[in-house]
Amino acid sequence: MAASGIPVVSDVRLAGDGKQTRFILDLDQTISFRAFPLADPYRVVLDIPQVSFQLPAGAGTAGRGLIKAFRYGLVMPGGSRIVFDLNGPARIANSYLLEAANGQPPRLVLELEEVDRTTFVQSLSVDNRPELRPAIAATKDAVATIEAQAEPAAVLDKPATPADLRPVIVIDPGHGGIDNGTQSGNEYEKNLVLEFGSALRDRIEKSGKYRVVMTRTDDTFIPLNDRVRIARNQSAALFVSIHADALPRREGDAQGATIYTLSDRASDAEAERLAEAENKADAIGGVNLTEEPTDVADILIDLAQRETRTFSNRFARLLMGDMKTTTRMHKHPLKSAGFRVLKAPDVPSVLIELGYVSNKEDLEHLVSENWRSRTVGSVAHAIDAFFAKRLATAGPAN
Ligand code: ZN
């Protein structure tokens, strides 16, 4: 990695106490950076150019002083990010780079200081205000790459290209980059669902009947709203989000795949817990939640949504019928809750939890090529059945 010119992060250290906490990052070259606080939950985001994190396993899971924990990873092409979860309101008292000296490598230092909430909120002034996208590495090229990724429609719908009238299916592998999702040992949800999503794309593309768009094809963090936006911009006919659940050890064991649709009220306590966990993705990735548009609450949208929900539920039932022939299902395999990623008002959307990484057998399935291939086959079959019915219902005039 170093040979490619990508800076290497080789170590991190925390020092200090609950009044003042210092974070030190060891590098192999100096880099540009930007640090800013975020509210609710209290976080500090450190944006840096894309680096190679070569940190010991478990780095960031235990905090110190004002820092509860931190995560790190790619947040966009060319940009890495570290998100600190704070134990309470704090201000960035100081942040600076140290050149290599006295046998020490170049270092990035962040000093946090405890403040009260009022002071904290005041520190979120305009120029300090976090943005959805980090400003680092914001060369025109990098920005163009992001825009092309987030809105491929603009690229694909050039007038010169003949219109592609095939239904668009958006496959959404959950999490990515700085957001690992659930985890068991070295198996991360973000990787398992990307593999599954890619295999599903390959399978349904092969039929030639659909145009498939992925919300991500690599280990990049994608905010939840961007995932929804991709589906809407593409006028997708179906949105399939892929995840893998985990149950905390103290809560016993659960197993099998579950299919979720959107509802205002969760179908049960477990569905509510899960939606809450999945909706945290943006907080984990360091997105400023206070700047996110509030839920679209428009009567017209509500009407569209009713029809969309009928289609979502129909697809969920078809999917269950097919998946249960190849996959171990949860004892209540059809559930609903307020998943933000399912909120496109005009795109039928479901979220599949493929299984529990916390369950031994489920995890064996999730990493098995054979299981993946069979399950991908059943999902592809359900998609075919869904569109066979939709196209027949729509009739020749539409
Ligand atoms: Zn997930």
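Glu189 has a relative accessibility of 1% in this predicted model. Buried means under 20% relative accessible area, so Glu189 counts as buried. Its side chain is one of the donors to a zinc ion, which is coordinated by His175 (NE2), Glu189 (OE), His243 (ND1), Glu278 (OE) and Glu278 (OE), at 2.0 to 2.4 Å. Along the chain, these donors follow the spacing H-x13-E-x53-H-x34-E.

Strand E14 covers residues 238–245 and runs parallel to strand E17, to which six bridges join it. One of the residues involved is Asp245, whose bridge partner in E17 is Tyr356. Strand E17 also pairs with strand E15 (residues 257–262), here in the antiparallel sense and over three bridges. In that pairing, Thr258 has Glu353 of E17 as its bridge partner. How many residues of strand E17 (residues 349–356) are buried? Eight of the eight are, so E17 is largely enclosed by the rest of the structure. In a regular strand, side chains alternate between the two faces of the sheet.

The aromatic rings give another view of the structure. A pair of such rings is described by the distance of the centres and the angle of the planes. Searching the whole structure finds 11 aromatic pairs. In one of them, the ring centres of Phe23 and Phe84 are 4.7 Å apart and the planes are at 75 degrees, so the pair is edge-to-face. This pair links distant parts of the chain, with Phe23 in strand E2 (residues 20–27) and Phe84 in strand E7 (residues 79–86), 61 residues apart. Both Phe23 and Phe84 are buried.

Another pair is formed by Phe315 and Phe386, with centres 5.3 Å apart and planes at 65 degrees, so this pair is edge-to-face too. Phe315 lies in helix H8 (residues 299–323) and Phe386 in helix H10 (residues 369–394), so the pair ties together parts that are 71 residues apart in sequence. Both Phe315 and Phe386 are buried. These two residues belong to one aromatic cluster, formed by Tyr210, Phe311, Phe315, Phe386 and Phe387.

Note on methods
Residues numbered from 1 in each chain as written. Predicted model: local features only at pLDDT ≥ 70, side-chain atom pairs only at ≥ 80, totals over all residues. Heavy atoms only, no water. Buried < 20%, exposed > 50% of the residue type's maximum accessible area, 1.4 Å probe, protein only. Helix = DSSP H or I, 4+ residues; strand = E, 2+ residues; numbered from the N terminus. Pairing = 2+ DSSP bridges. Phe/Tyr/Trp six-rings, centres within 6.5 Å; stacked < 30°, edge-to-face > 60°. Donors = N, O, S within 2.8 Å, 3.2 Å for Na, K, Ca; no water.
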